[in-house]
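Subject: Structure handover

Hello,

Here is the structure for you to look through. Please open it alongside these notes.

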Amino acid sequence: MIYISLPYSNENKFIRKYREEVARIYFSKLVKDGIVATSPILTGCIAEHYIDFNEVPYSFWMELSEAYIASCSELHVIMLDGWESSTGVNWEIQRAKQMGIPIKYFDVMYNNDGTQRFVELDLLEAIDGLL
């Protein structure tokens, strides 16, 4: 199972909606390819229609994410703006590393028709190219 990691929290509801949509598109791509995947963002977005998030302690979401990561074979990081400083994404990366789960990084690219595609990056190679 693939764990989908990307930044979500933001005061701007339009940014949150965009991030949710990217999670949905990536999840759908994996499903279309026959790959089992999970995303705590999508789980939370479903739940928010039925519960007040202020009534659910943050520790619950961390426990849920921990269980998801532990059952995954890979962690896929979608490198949206703010991923490097995202508390959640950084925590997910650290937990995956501690559990020995491989991590892959993906950038979002846009086709001429406006549809999205995800390009896997070798992060070490990308960083070396910047130095």
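Below are the notes on its pocket, its salt bridges and a surface patch.

First, the ground rules. This is a predicted model: local features need pLDDT of at least 70, side-chain atom pairs count only at pLDDT 80 or more, and totals for chains, interfaces and linings use all residues. Residues are numbered from 1 along each chain as its sequence is written, and side-chain values use heavy atoms, with hydrogens and water left out.

**Pocket**

The largest pocket has a volume of about 750 Å³. A pocket here is an open set of points on a 1 Å grid over the protein atoms alone, where a 1.4 Å probe fits, with protein on both sides within 12 Å along at least five of seven lines. Its volume is the space filled by probe spheres set on the points. Lining residues have an atom within 4 Å of a point. There are 27 of them, and Y8, S9, I41, Y58 and W61 lie nearest the centre. Two or more lining residues come from each of β1 (2–5), α1 (13–32), α2, α3 (58–70) and α4 (87–99). Helix α4 gives the most, with five. Helices (H or I, at least four residues) and strands (E, at least two) are DSSP runs, numbered from the N terminus.

**Salt bridges**

The count is five salt bridges. The rule is a side-chain nitrogen of Lys or Arg within 4 Å of a carboxyl oxygen of Asp or Glu.

K17, E20 and R24 are linked in a network. E20 meets K17 at 3.3 Å, N to O. E20 also meets R24, at 2.4 Å. K17 and E20 are three residues apart in helix α1; E20 and R24 are four apart in that helix. E20 is buried at 5% relative accessibility, while R24 is partly exposed at 36%. (Buried is under 20% relative accessible area, exposed over 50%, partly exposed in between, with a 1.4 Å probe and protein chains only.)

E66 pairs with R95, the closest N and O atoms being 2.4 Å apart. E66 lies in α3 and R95 in α4, so this pair ties together parts 29 residues apart in sequence. E66 is partly exposed at 27%; R95 is buried at 19%.

**Surface patch**

I46, Y50 and I51 form a nonpolar surface patch, with about 370 Å² of accessible area together. Patch residues have over 30% relative accessible area and no salt bridge; nonpolar side chains are joined within 5 Å, like charges within 9 Å. Areas come from the Shrake-Rupley method with a 1.4 Å probe. I46 lies in α2 (residues 40–47) and is exposed at 55%.

Best wishes
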